[in-house]
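The points below are set out for a colleague's review.

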Amino acid sequence: MTLFVSGCTHHCKNCFNPETWDFKLGEEFTDDTIARIIDLAREDYVRGLSILGGEPFHPKTIDATLKLSKAFKEKYPNKDIWAWSGFLFDRDLKDKEVLKYIDVLVDGQYKDELHDFRLKWRGSANQRVIDVQKSIKKGKIILKEK
């Protein structure tokens, strides 16, 4: 299951989803939206939730990302939450409450000159695929094993 968050100020060159840069795009995100996502995720074939954008961790969107992530993890503790962000885990996000609920974070802005189709889960070689919970426990970045 995937949620595309509206709004991004990174404006990466050749972004795969520039339509989501506009903070006014899409539908209003409400408690009913969260309830609907939680309900749809009840099926066994839904392995988890992916949150991308736009920018799910922008100051204008992070509260909604937190609220959804917390509700999802409380209801489905065994389903993963993955998130993609142009912000860096260790510089911009490490103290954010939302990380308590995120399992995997792909961080760093997409760099078109570092694009590689062979990469798993990311678009450019500068981006990291971080095991967030292990990183929090160890106090350093632990990359997700492939």
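1. Helix α1 contributes the most to the lining of the largest pocket, namely five residues. Helices (H or I, at least four residues) and strands (E, at least two) are DSSP runs numbered from the N terminus. A pocket is an open set of points on a 1 Å grid over the protein atoms alone where a 1.4 Å probe fits, with protein on both sides within 12 Å along at least five of seven lines; lining residues have an atom within 4 Å of a point.

2. The model is predicted: local features need pLDDT of at least 70 and side-chain atom pairs pLDDT 80 or more, while totals for chains, interfaces and linings use all residues. Residues are numbered from 1 along each chain, and side-chain values use heavy atoms, without hydrogens and water.

3. The largest pocket has 23 lining residues, with L3, F4, E27, F29 and T33 nearest its centre. Two or more lining residues come from each of β1 (2-5), α1 (31-40) and α2 (62-75).

4. In the second largest pocket, 24 residues form the lining, and C15, F16, W84, Y110 and Q127 lie nearest the centre. Strands β2 (48-53) and β3 (80-85) each supply at least two of the lining residues.

5. Q127 is located in the loop between β4 (104-107) and β5 (128-131). Q127 is buried, at 9% relative accessible area (buried means under 20%, with a 1.4 Å probe and protein chains only). The Q127 side chain reaches the backbone nitrogen of G123 at 2.9 Å.

Note on methods: Buried means under 20% relative accessible area, exposed over 50%, partly exposed in between (1.4 Å probe, protein chains only). A polar contact is a pair of N or O atoms within 3.5 Å; within protein, one must be able to donate a hydrogen and the other to accept it, and residues adjacent in sequence count only if both atoms are side-chain atoms.
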